[in-house]
Amino acid sequence: MRVVLAEDLYLLRDGLVRLLTAHDFTVVAAVESGPELRAALIEHRPDVSIVDVRLPPTYTDEGLQAALDARREVPGLPVLVLSQHVEQLYARDLLADGVGGIGYLLKDRVLNADQFVDAVRRVAAGGTAMDPEVIATLVTRRVDGPLGRLTPREREVLELMAQGRSNAAIGQRLFLSESAVGKHTASIFGKLDLPPSEDDNRRVLAVLAYLHQ
Amino acid sequence: MMARFLVAPVRCLALVALSLLGFVVAASSLLAAATVIGYPSLARLIRRLARLDAALVQRWTGVAIELPPPAGPPEPRRRDDGWYVYERQLYRSRRVPAFLLELKWIGADRGFVRMWYWLFFAPFVAGALTAVPVALLGGGLVLLLTAAGIGGLPVPAAVAGAVGIAAVPAGVLAGPAALRWYAGWARLFLEPAGQTWLRRSPVRRWLSDQTAASWHGGGLSGLSFAAFGGFVVNLLAALVSWSLLIPRTSLVTRQAMVYYRGMVGRWTGRPVEDPYQPYPEPPRRDPDGTYRVGRSLFPDLDRAIRWQRNGWVLGDPATWRDLLWMATAWLPGLVGLIPAALVSFGFFGLVWQVLWWAPWAVPVGLASGVWVTPWYVWYAVRELIPGAAVVPDWASVLVGLGLTGVGLVLAQPLLRLRTRYDRLLLAPTRSAQLRQRVRRLTDSRADAVGTQAAELRRIERDLHDGAQARLIAVGLSLATVERLLETDPDAARAMLAQARETSSTALVELRQLVRGIHPPVLSERGLVDAVRAVALDCPLPVTVTVRLSGRADAPVESAAYFAVCEALANAARHAGATRVGVDIGYSDDRLRLIVTDDGHGGADPGRGSGLAGIRRRLGTFDGVLAVDSPRGGPTVLTMEIPCALSSPKTSTSSETGWSGC
């Protein structure tokens, strides 16, 4: 699997390259600034890219903007965004096109290599991987609108779905059978008025609805 | 039915009697007001009589008169040490402050004014007609008795009988109507006027504005006449003591000037700042044991302070400007008096002479048989101005209205003229303003430096006890792992997991710390998106509206961001709000942030440390916080920071193109 990596800290960039190579990824480009990233994304069209939000030369959200721009050019280009902090605002921006293939994780998650690599693969496959921190702030919120119609159990399922877990993984977490989880997800899609389509896509839309509550 | 008619004249009699008693009480309260002492007890009597009147009217006619619920004056505040406080003055006993509070309370009570007017005028406007059934019935009965041969009226029996027979039923029949008449007047006088179209009309507003302006002009003029007394006092003190007393006397008159400035501010809506220099720091003891003030040395502190205070008073140009004002203010005072004089003579003299005539001239006429003309004020004018005699007496009311009109038209311009003179001498001069600004800046700088130092200390402590300590733990774990790797791989693995855990915790702590110092969104996306981000994290639904075409400097954005955070936290924590709005805008070279919530209000910057913190944060940038938070809500916090906006690039994202690559 071909990966483009953008990270300005040499140590972290080097570590990530090692980690990915060890897990059978091919790092086609490891860059350290926004303009380089833009060029690399368009040139290599990687299977997945791993991007730090804050990059030189401006040290603002250069990486995020470059990724968003690339996805406008190449819809659905899988991007996993890493950051020292997570914001719902950014999560919304990333998911806004509703295509999927988006990940948004704290850099801390790299410490757990297996989970991290798993998230990279999910994103590459067109799924989503939202950091539990993004979801955590949502749980405390008062709900109204369509999400208010969800049962507490369905909300739990949606939370895990937002993190990008598969039905099997969700079932394991909540001690449910996979078919029971399937019923819950179908019910969630129905309550959120999501049109029948490919399952992955509907999952993204459900997460998007969750973020926009 | 019959009973109602029969009892009506008796009720009329009772009301008339009550209204006569009320008149006596109301009239004597005028005298009591002059001597002050007995006034509160008479006021209580007036209240009780008016309430009795209203209750009787309601019971007998069914006309409900809505009076404000009975309330007492506020209780004087008792301090923990047992003293009572009234307006910055301490009293040993409760009596005096309670008395003063009651006086103030009566003065501010609109309901009381209405009651007084009713009691004063009731016998003339309502009582006179209400007395008719009583007179008919009573007179008729007397005539009937005369006809029956009892009593000694010198009237032929036949006439007396006939008139008596006519008068008695007429009196009975007129009874209920007379009661209703009385009830109607009572209601008109006693009930607070509602929001009729007349009250809301611009004419009415103009009238009340101009009337207020004329009284305020008169009031300020009165005060400026009194101020001449202050000048004389200072002058005499200077003459008697070869100027030695000036620092003392001018400090006394300074208090009066502070009061006058306050009145100007209150009455014109534009406050006049005090121009005085701040009181100097007390002199410090030099190593040689003397106290130094300027170039003089003093052996003891007392004299040093006195000398310093004299210098402070005499060296302040505001002292001399005050004196100049006191000496001259009576001149514009004469001009400022004109509207009030015109209105009071025109309206309260010529127009009201007819109305006022009844309360005093009718009793006098009845008692003595001497009837004074209703045009008595006009007669006085005719005496002074012979030419005025060509105007017919009744037309004097029109003349009065005309004079009132002229007075009202002149009120605002003349008030402006007089306060312009006041501002010329009493407002801080340019250099005084600059001095005050320097003082404010010094204060806010000290504040900022202090806050910053405390903030740095907090960060240092957090790092020291948090991330730093955890990294040490990680290092120790790794060292142990190094040793265990060969001998006990399982323990080494457990150690490694622990080290990873600890480093994760350290990261979380660092992230929180960074958020508190300067949230990363703020540096990545700027104020607007940072506010949006914090709005998303807020447990309440927050609507953010933005009218902003650029970015402010980073420190300003940071201050604004933390101010909004604090405001949102307040709304969520203390106000019990369900909905919050944040509006970010820029106009008149000011960044304006308005946070509105629908909570229960009652926010007070004097109490909560949160609002004080916002104020301090904004103060560093000359920013201000306005709090509008009536009990019951909603709360509106308006924060303004003067600043410039740079690069017209809007907050969010997406406009950046591909051209960069």
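This section describes the two chains of a predicted model, their interface, and several individual residues.

Chain A has 213 residues, of which 53% count as buried. Its secondary structure consists of 10 helices and 6 strands. Among the contacts in chain A with a separation of 6 or more, 66% are between residues 24 or more positions apart. Chain B has 661 residues, and 38% of them count as buried. In chain B there are 20 helices and 10 strands. For contacts in chain B with a separation of 6 or more, the share from residues 24 or more positions apart is 69%.

The two chains touch each other through 31 residues of chain A and 30 residues of chain B. The size of an interface is often given as the accessible area lost when the parts come together. For chain A and chain B, about 2,700 Å² is buried between them, and 48% of this area is on carbon and sulfur atoms. The rule for polar contacts finds 11 residue pairs across the interface, counting pairs in which both residues have pLDDT 80 or more. There are 5 salt bridges between chain A and chain B. One of the salt bridges joins Arg515(B) to Glu87(A), with the closest N and O atoms 3.2 Å apart. On the side of chain A that touches chain B, the elements giving two or more residues are α2 (34-44), α3 (62-73), α4 (88-95) and α6 (132-139). Of these, α3(A) provides the largest share, 6 residues. By residue class, this side of chain A comprises 11 nonpolar, 7 polar and 13 charged residues.

Some backbone angles in chain A were also examined. Most residues other than glycine have a negative phi, and most peptide bonds are trans. The peptide bond from Pro56(A) to Pro57(A) is cis, with omega near 5°. Pro57(A) is in the loop between β3 (48-52) and α3 of chain A. Tyr59(A) also lies in the loop between β3 and α3. Tyr59(A) is not a glycine, yet it has a positive phi of about 55°. With a relative accessibility of 45%, Tyr59(A) counts as partly exposed. A positive phi, of about 70°, is likewise found at Asp24(A), which is not a glycine. Asp24(A) is placed in the loop between α1 (10-22) and β2 (26-31) of chain A. Asp24(A) counts as exposed because its relative accessibility is 65%, and the cut-off for exposed is over 50%.

In chain B, Ser19(B) is part of helix α1 (residues 2-35). Its relative accessibility is 2%, so Ser19(B) counts as buried. The side chain of Ser19(B) reaches the backbone oxygen of Val16(B) at 2.8 Å. When residues up to four places away in sequence are not counted, Ser19(B) touches Leu119(B), Ala122(B), Pro123(B) and Tyr182(B).

Over all chains, the structure holds 0 disulfides. A disulfide requires the sulfur atoms to be within 2.5 Å. Cys538(B) counts as buried, with 6% relative accessibility. Cys643(B) is buried as well, having a relative accessible area of 14%.

Notes:
Residues numbered from 1 in each chain as written. Chains lettered and ligands numbered in written order. Heavy atoms only, no water. Buried < 20%, exposed > 50% of the residue type's maximum accessible area, 1.4 Å probe, protein only. Contact = heavy atoms within 4.5 Å. Buried area = accessible area lost by both parts, 1.4 Å probe. Salt bridge = Lys/Arg side-chain N within 4 Å of Asp/Glu carboxyl O. Polar contact = N/O pair within 3.5 Å; in protein donor to acceptor, adjacent residues only side chain to side chain. Helix = DSSP H or I, 4+ residues; strand = E, 2+ residues; numbered from the N terminus. Nonpolar A, V, L, I, M, F, W, Y, C, P; charged D, E, K, R; others polar.
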